Amino acid sequence: MKPNKPLKKENLWRCAAALFWLLAWQGAAWLLRQPLLLSSPVKVARRLFSLLGESGYYRVLGFSLGRICLGFLLGAALGAALAMIAARWEPAEYLLRPLMVTVRSVPVASFIILALVWLSGKQLNTFISFLMVLPIVYGNLLAGLKSRSKSLGEMARVYRIPPARRLLYIDLPQLKPHLLSALSLAMGMSWKSGIAAEVIGIPTGSVGEMLYQSKVYLDTDALYAWTLSIVLLSVALEKLLTFLMKRAFARLERL
Amino acid sequence: MIELNDISKAFEGKPVLAHVSLQVPGGITCLMGVSGRGKTTLLRILLGLEAPDAGQVIGRPERIAVQFQEDRLVETLTVGRNLKLALGRAYDEQRAESCLTALGLPDSLGLRVSTLSGGMKRRVSLARALLFPAPLLVLDEPFQGLDDATRQRAIAAVRAYARDRAALVVTHDADDAAALGANLINL
């Protein structure tokens, strides 16, 4: 029972903080009295609820979500594969380092504009989210692979544990914290960068297009409502991913 | 018979082993010597985990059962899972339970390794080596950190499980070597 008490208190503080900032937002909107510049939370909530009743809203979210998640999965898979190669073969790490540093350092807007020359607006969000995820997963996983226990590796070698069992029971538990932090960070980044790519590439029927149109038609309430949708979906995806991964690791330990 | 012939090894120019030769016959052999004489390095060379600068190992079996100086158990898994991981198809739950009972750890197969004390982990790693089917058993300080009663149980278990194979045991303790009824090699 003891651990519940601080948890309850923590939740109370979280709610109080959220309420404080909502009131501050409402107060600022009321003082400014310029709905075009700053929409009030009440208006945004109303607009969001009206969007929730439209079937087009889910179609738009699905369009962006599908493409961005595809980029996330491709980036995570390639990042993991490259990290495994680099951990086994040092020259690969040196070869990949300039590429990863470049991808990490170049502003996402530059990549979006450069990629627009090669790709259509519809493919852009997938490519940009792939590009943002790749170095995060690669870097974190490589650090995890390098910090694996050498002594357990020797034990596995002497006892001739097959590679698949070694990966499942010895390597993966050690990589768990690295994987969890890499994937949750990459998920947030891919979502944000993917939407940014859509705003510039404006593929038809995307969240980016909705944001762009809201700006063009000076529909500030819609702009805020779509932005709120992006934030909520990003948080939900991150939580879902963390939950699924923790569950998968727990199941692995019980196998 | 396993032979280590004229083994030399240095780390960063510092010689650890210089022209060491020894034979591991059948039965239990205790490798003794004060700390820093290179006993663990010699075992690592015997296991193929370290290459000697000079000399050779003759007759090294393909499978060797080892208890390392550290426990080297997967903390996130249970005792049973750790044994199954190392033993693979050779894992037999009844045999594992009886070995653990002989070592004073009855009903521990389902316990997670991270919840065990140091002495319990030491015995689980000893059980893993004893249960592993291999013609050579190598134990590096197997009784370290065990109290007298548990040490006696562990010695009896090693004697029982080393009956049909060669065993090389590293120890500082002459009493343990005598209790094991071992041949002695001083390094």
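Helix α7 of chain A supplies five residues to the lining of the second largest pocket, the most from any element. The structure described here is a predicted model.

**Chain A**

Chain A is built from ten helices and has zero strands. Its pattern along the sequence is therefore a run of one kind of element, α-α-α-α-α-α-α-α-α-α.

How much space lies in the second largest pocket? The volume is about 320 Å³. A total of 19 residues line the second largest pocket, and R148(A), S149(A), K150(A), G153(A) and R166(A) are the closest to its centre. Besides α7 (150-158), the elements of chain A that give two or more residues to this lining are α3, α4 (90-105), α6 and α8. Sorted by class, the lining of the second largest pocket has ten charged, six nonpolar and three polar residues.

**The largest pocket**

The largest pocket holds about 550 Å³ of space. Its lining consists of 20 residues, and those nearest the centre are M84(A), L145(A), R148(A), L167(A) and D171(A). Four helices of chain A each give two or more residues to this lining: α3 (55-88), α6 (121-146), α8 (163-201) and α10 (220-254). Of these, α8(A) gives the most, with eight residues. The lining of the largest pocket has 16 nonpolar residues, four charged residues and no polar ones. R148(A) is named among the residues nearest the centre of the largest pocket, and R148(A) is also named among those closest to the centre of the second largest pocket.

**The cavity**

How many cavities of 30 Å³ or more does a search of the whole structure find? The search finds one. The volume of the largest cavity is about 30 Å³. Its lining is made up of L4(B), L22(B), L31(B), L42(B), L43(B), L46(B) and L168(B). Helix α1 of chain B (residues 39-47) gives the largest share of that lining, three residues. Seven nonpolar residues line the largest cavity, with no polar and no charged residues.

| Space | Volume | Lining by class |
|---|---|---|
| Largest pocket | about 550 Å³ | 16 nonpolar, no polar, four charged residues |
| Second largest pocket | about 320 Å³ | six nonpolar, three polar, ten charged residues |
| Largest cavity | about 30 Å³ | seven nonpolar, no polar, no charged residues |

**Where chain B meets chain A**

Chain B brings 24 residues to the contact, and chain A brings 15 residues. Between the two chains an area of about 1,900 Å² is buried, and carbon and sulfur atoms give 58% of this area. Three residues, R72(B), R81(B) and L85(B), supply 31% of the area that chain B buries against chain A, which is more than any other three residues supply.

Two salt bridges are counted between chain B and chain A. R72(B) and E154(A) meet through their side chains in a salt bridge, with an N to O distance of 2.8 Å. On the side of chain B that touches chain A, at least two residues come from each of β5 (64-67), α2 (79-87) and α4 (118-131) of chain B. The element that gives the most to this side is α2(B), with four residues. By class, the side of chain B that touches chain A has twelve nonpolar, nine charged and three polar residues.

**Salt bridges over all chains**

The structure holds 14 salt bridges when all chains are taken together. A salt bridge joins D219(A) and R47(A), and their closest N and O atoms are 3.0 Å apart. Why does this pair tie together parts of chain A that are 172 residues apart in sequence? D219(A) lies in the loop between α9 (207-216) and α10 of chain A, whereas R47(A) lies in helix α2 (residues 41-52) of chain A, so the pair links these separate parts.

Methods:
Residues numbered from 1 in each chain as written. Chains lettered and ligands numbered in written order. Predicted model: local features only at pLDDT ≥ 70, side-chain atom pairs only at ≥ 80, totals over all residues. Heavy atoms only, no water. Contact = heavy atoms within 4.5 Å. Buried area = accessible area lost by both parts, 1.4 Å probe. Salt bridge = Lys/Arg side-chain N within 4 Å of Asp/Glu carboxyl O. Nonpolar A, V, L, I, M, F, W, Y, C, P; charged D, E, K, R; others polar. 1 Å grid on protein atoms, 1.4 Å probe; cavity = no way out; pocket = protein on both sides within 12 Å on 5 of 7 lines; lining within 4 Å. Points joined across faces, edges and corners; volume = space filled by probe spheres on them.
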